[in-house]
Amino acid sequence: MIVNNAVYVIVMREFKRFFRQRGRLLTTLVRPLLWLFIVGTGLSRLVAPVGDDGSGAGEYMQFLLPGVIGMTILFSSIFSTMSVVWDREFGFLREMLVAPVSRLTIVVGKLLSGTALSLFQGMMLLIVAPFIGVEIGLGQVIAMVFLVSLVSFSLTAFGLFIAAHLKSLEGFNVIMNFIILPMFFLSGALYPVEHLPTPLKLVTYINPLSYGVDAFKHVLLPGGGRLSAEFPLILDIIFVSVFAAVMMALSARAFSKRG
Amino acid sequence: MAIIEVRDLVKSYNGLPAVNGVSFSVEEGEIFGFLGPNGAGKTTTINILCTLLASDSGSSMVNGFDSMTEPHGVRSSIGLVFQEMTLDNELTAYENLKFHCYLYKMKRALTAQRIEELLAVVGLSDRKNDLVKKFSGGMKRRLEIARGLLHRPKVLFLDEPTLGLDPQTRRNVWEFIADLRAREGNTVFMTTHYMDEAEACDRIAIIDGGRIIACDTPENLKLSLRGDTISLETEDDAKACLELKEGLGLEPTMIKDGGLTLIVEHGEKEIPRILKGLSVGVRTVNLKRPTLDDVFLHMTGREIREDKNMNRNSRQPFRR
Ligand SMILES: Nc1ncnc2c1ncn2[C@@H]1O[C@H](COP(=O)(O)OP(=O)(O)O)[C@@H](O)[C@H]1O
Ligand SMILES: [Mg+2]
């Protein structure tokens, strides 16, 4: 039998590395909870004043859940693609580049591993849903698996495209501050985008994370009201899919260039 | 047909040629050495041959495949040990090798046995489940060599395989390479700036400033000097040089850092004649049978290892 699966081994390597890096694992699990419970609690009174009967107390925290899932997979996807830069800096990329496998294999391996790790981390957050009053059934879990996979895939492809052009890890901070954080803040994860001033609103319209978070809201906050989804679900899915396809093509092309 | 065939290879970085018209060929089963100082263009040449870098012009064929147009064929034919470390530190030795087997689509039934076999050859069997980050430089190097051989490549490329190793480990690695060729019969292409390693190659090309200045067996290269080397340190090298030329009809070479060398047929007879013929004071006289060092010195007027005092361990990170 031929071990014909370079993709498989690239994915397995990323998993091993992920679960061996305790710090990364911990950050990944704790950061979203900090956002949800600390920022969420702090802002919830401001955003949604508690009525005399105590109603509305958890409303903002519920609103935050889709956004925090979006944030988690954004950071996770970008971070896993940085392993390409890491591999380049520490030489391991060459081990893959001189092997008789196509560049596309390497790209697909990185895409799948990044997607799977983000999916894992995003879905872990659903565990807290019942504790903050978001009711989820099997249907919603299945819908979330699909949507989180799609959004994770597109963000990983985006990260890979960036990583293909980063020559060293120094560039990572710049990317983080000028691309990733703005993407998070202008995505509707923390507040509805409709109240933003027009220039910022335009940015949210080209931000794939806006559509991702919006899709999650469709599933997790189906009730309507002022804190629910803002775009049609079908638009969310189409935008994210097209973005994913374009980014995948661009990163495959970037990797097939010879130095 | 030769297993490596390189014609007029040129590669420049920002207008400065790193490889400047290199041609050579390597026969199947040879240990072929590229000998040259740092910055001579050795790594650049290897990168072009191995499909990592595009040349500006010229052609290179490995195992009958064109490095530019048939990269897949070339990649299937070669094993590589890079100048800088390319292991995954977060994986164990065994996992690094396993990864390689999958990447090279080896038959699964063969992989476990082959991994064990090579771990034994490089003496790492008892450390196979340790993370690579806990390994010493020498152990990493040995593991990389084992990895480069896993898939039984037709040609093994070794870029300064003993760089940064202590003399003992250097000798082990070197014996291992020679032994290996005897066992597996593959072609070895290696670069080095150690003369003693070059001596052990079947043939070497001396490269300097992106050009090959000589290519032959170590024996022939030494014979080409036709005789013994006399080195002199004098009070006035320029004057001594002139006197040797005009008074005695010899052909001395001035060395940049001071001193003179000359090649003569019978050194022991020549020394008294030289001492008598010089009017300047002579501090030291030295007679040796020729070595590759002398070949390099004679051809370039420089010592090959001008960086003798530099830190051997500084490996530069790879940039594309
Ligand atoms: N990526 C690069 N960018 C610019 N110059 C380079 C690059 N790689 C190598 N060089 C230059 O090309 C020359 C040959 O380098 P190299 O092939 O690494 O030499 P060697 O391996 O013989 O020490 C050197 O002068 C080096 O500075
Ligand atoms: Mg080099």
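**Close-up 1. Buried residues of helix 9 of chain A in the predicted model.** In helix 9 of chain A, the buried residues (under 20% relative accessible area, with a 1.4 Å probe and protein chains only) are A:P208, A:L209, A:S210, A:Y211, A:G212, A:V213, A:D214, A:A215, A:F216, A:K217, A:V219 and A:L220, so that this helix is mostly covered, with 12 of its 13 residues buried. These buried residues pack against helix 3 (59-89), helix 6, helix 7, helix 8 (198-206) and helix 10 (233-256) of chain A, where contact means heavy atoms within 4.5 Å.

**Close-up 2. Packing of helix 6 and helix 7 of chain A.** Helix 6 (residues 138-165) of chain A and helix 7 (residues 171-185) of chain A pack at an angle of about 160 degrees, and their axes lie 13 Å apart. Helix 6 of chain A is therefore roughly antiparallel (angles over 145 degrees) to helix 7 of chain A. The contact is formed by A:L155, A:F158 and A:I162 from helix 6 of chain A, together with A:I175, A:I179 and A:M183 from helix 7 of chain A.

Close-up 3. B:R114 counts as buried because its relative accessibility is 3%. Leaving aside residues up to four places away in sequence, B:R114 touches B:M106, B:L149, B:L150, B:R152 and B:E184.

Residues are numbered from 1 along each chain as its sequence is written, and chains are lettered from A and ligands numbered from 1 in the order in which they are written. In this predicted model, local features need pLDDT of at least 70, side-chain atom pairs count only at pLDDT 80 or more, and totals for chains, interfaces and linings use all residues, while side-chain values use heavy atoms, with hydrogens and water left out.

Note on methods. Axes are lines fitted to C-alpha atoms, for helices over the stretch in contact, and angles run from 0 to 180 degrees between N-to-C directions. Helices (H or I, at least four residues) and strands (E, at least two) are DSSP runs, numbered from the N terminus. Angles under 35 degrees count as roughly parallel, over 145 as roughly antiparallel, 65 to 115 as roughly perpendicular and the rest as oblique. Buried means under 20% relative accessible area, exposed over 50%, partly exposed in between (1.4 Å probe, protein chains only).
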